[in-house]
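Here is a friendly walk through one protein model, meant to be read with the structure open beside you. Please take a look at it before going on.

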Amino acid sequence: MTKFLTNIIILFYASALVASQANLPGLSGPDSDFIAARKAFQTGNATLLADYVKRLNNHVLAPHVEYYHLRMYLRSADIETIRAFLARHENSLVAERLRTDWLKLLANNQQWQLFESEFEKLANKDTELLCYAYQHRIETHDKNALSEARSLWFTANSMPDSCTPVFNTLVSKKVIAVEDIWTRIRLALEAGQTGMARYINRRIPADEALNIDELNAAAQNPLYYLKTRQSKIKTRADREIALFALLRLLSNDTNPALVKWLEIKDKLSDSDQSYFLGRLGYRAAMRHDSRALGWFQAAQDTKNPYPMTDTLLAWKVRAALRLGHWDSVLDSIYRMSATEQSDSTWQYWKARALKESGNLLDANNILVSLSKEHNYYGQLAKEELGAILTAAKESIPVSEEEVIAMEKMPGIQRTLAFYRLDLRMEAYREWVWTIRNFNDRQLLAAAEVARRHGHYDRAINTANRTVQQHDFKLRFPTPHREALGPILKEQAIDEAWVYGLIRQESRFLADVTSSAGAKGLMQLMPDTAKWVARQLGIVNFQQNLVTQIDTNLRLGTYYLKHVLSTLDNQPLLASAAYNAGPGRARRWRDNDKNLEGAIYAETIPFSETRDYVKKVLKNSVYYANVLEHDHTAPTLKERLGVVSKK
């Protein structure tokens, strides 16, 4: 099953957004008027919208109606009117949205003094506005603007039109050199963004630039291209296209790319060779090829090594973990950027590597610090130190007074109103904006409000944000327990694990559908649901039944038990299989030896599945405490277990 939580939530909200374009059944009075006002804004009916502004003056969503109206007249609105709106709705989402719209208009009109004063008040500065700001700063000879703007250049992605004048200036002043242009072309080609590469190629002198016909040929048939052009690699452009062709081959299979690499490598510079060897190691590591670590090392050992990215170094660590080369684990982590090294993932594996080298003092210092974090690696660190999980007993619930006060906050009321109108994307945006600067007590109160209204995704995500005071019953809610109990007993499957999986699959949104078509609490794909229904003898099964809570839980737990029983009864393998398919879960095992479960999980090549598996199993440990299971509940390391060789 391909069911990733972020995509699920976004698609769920987007679907609700489309469904809400017309009046909802059962709505009347002011709520119906709001839907009509929103539709008038979307269709550009200013006359009708003006009427609704007056009629909805006392509605909880009146600020949004007022925003719709002012937005339609923004080009002709006077400054006093705009500033009055911003003052009236200070620190609100609608004020942020209007200020963003206004700033773009001011920049287009070259009203830089006004732009500058309002830009500083904006909370979220997107790239388009950042580039407008750089335009102004460069024009006023801000000495830091050129160096700050330069960092925006190094991306494979398309940038807003407002960045073009900035980049033109940087190139003309040689802050962006020709080598920097080639670097961005390489970034684009590595990402498969050939259109962007062609666009950036215009900045290279014509007699040195990529030959677009050659680039297209390499993209369409990289193997044939290399066979027919390998004797003609002479210029920088030739080398870039050859490397691009090699990467295209490498994306499908290691060995064909390796064969062609050996044939042409002598035509490439040391830096180019280092660049490709790093990518060869990366792809091989993702395929669990034992040669990967050697290629990574070869990339570093060239006379002019190409800089290794954090992504490549992460996979060098993973390759070393599968081989048990702890010195290489440590060396690779030390080569990462400071920001990446501080991530809990690499802090944990650094501690493990230090421990393997006999440096117990430094290892334990890292583990003690890490064990205070309420995440997968924090729990592993706690267990590495010999502690047991007691976090759920530290829950600090909020008072009824705090919950009532939170429910009266305008931003929370607007969120709940949007949910009532089934405008889930608007509800999501309003909620995220409202809680952005909350302290722990406010976050817990907001999470409890969301839980009481059945918005479990908001409750979980909000409770997860607390820093010092936590309520783990809000982080790990247990809805539908009465419905789930008999089903779990029938399947003889761990309640904490099932809850941990549902939390990650759907955040307990019963009617959610993913972009891949998976449905319901346990995110069942149509073919899987149909197959399970046949196994259970469900007559006249229809796909619309999958979002019914009882049916979804019955089908999902049966399938989960099925993959568990076919994969050595290991929750780790079954969790991976539930997300990415049983075949992949089996293939990710080691050919020659048993593998520590934590290393298996760390080296799953799909980033979404890797993250999913870690969270499901971590969730399971926390749920065992929240559900007050006895002290014989498995630890995280026990749940990860040892994965047998193929």
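## Starting in a loop

In which loop is asparagine 91 found? Asparagine 91 sits in the loop between helix H5 (79-88) and helix H6 (93-108), where helices are DSSP runs of H or I with at least four residues, strands are runs of E with at least two, and both are numbered from the N terminus. This asparagine has a positive phi of about 70°, although it is not a glycine. Most residues other than glycine have a negative phi. Asparagine 91 is exposed, with a relative accessible area of 57%; exposed means over 50% relative accessible area, buried under 20%, and partly exposed in between (1.4 Å probe, protein chains only).

Lysine 174 also has a positive phi, about 60°, and is not a glycine. Its place is the loop between helix H10 (164-172) and helix H11, and at 69% relative accessibility lysine 174 counts as exposed.

The model is predicted, so local features need pLDDT of at least 70 and side-chain atom pairs count only at pLDDT 80 or more, while totals for chains, interfaces and linings use all residues. Residues are numbered from 1 along each chain as its sequence is written, and side-chain values use heavy atoms, with hydrogens and water left out.

The mean pLDDT (the predictor's confidence in each residue, from 0 to 100) of the protein chain is 94, and 95% of its residues reach 70 or more. Over residues 1-23, however, pLDDT stays under 50. The model has 68 contacts beyond four places in sequence for residues 1-23, a contact being heavy atoms within 4.5 Å. Where pLDDT is low, the predicted coordinates should not be read in detail.

## Overall build

The protein chain has 39 helices and 2 strands. Its radius of gyration is 28 Å, close to the 26 Å that the globule rule gives for 646 residues, so the chain is as compact as a globular protein of that length. That radius is taken over C-alpha atoms, and the rule is 2.2 Å times the number of residues to the power 0.38.

Along the principal axes, the C-alpha atoms fill a box of roughly 75 × 70 × 55 Å. Buried residues make up 52% of the 646 residues in the chain. Among contacts with a separation of 6 or more, 61% are between residues 24 or more positions apart.

## The largest pocket

The largest pocket has a volume of about 640 Å³. Of the 28 residues that line this pocket, Leu187, Glu190, Tyr275, Arg279 and Thr309 are the closest to its centre. Helices H11 (178-190), H15 (236-252), H17 (270-286) and H19 (310-323) are the elements that give two or more residues to the lining, and H11 gives the most, with 7 residues.

For the terms: on a 1 Å grid over the protein atoms alone, a pocket is an open set of points where a 1.4 Å probe fits, with protein on both sides within 12 Å along at least five of seven lines, and lining residues have an atom within 4 Å of a point. Grid points are joined across faces, edges and corners, and the volume is the space filled by probe spheres set on the points.

Serine 290 is found in the loop between H17 and helix H18 (292-301) and is exposed, with a relative accessible area of 54%. Serine 290 and arginine 322 are 32 residues apart in sequence and 8.3 Å apart in space, C-alpha to C-alpha.
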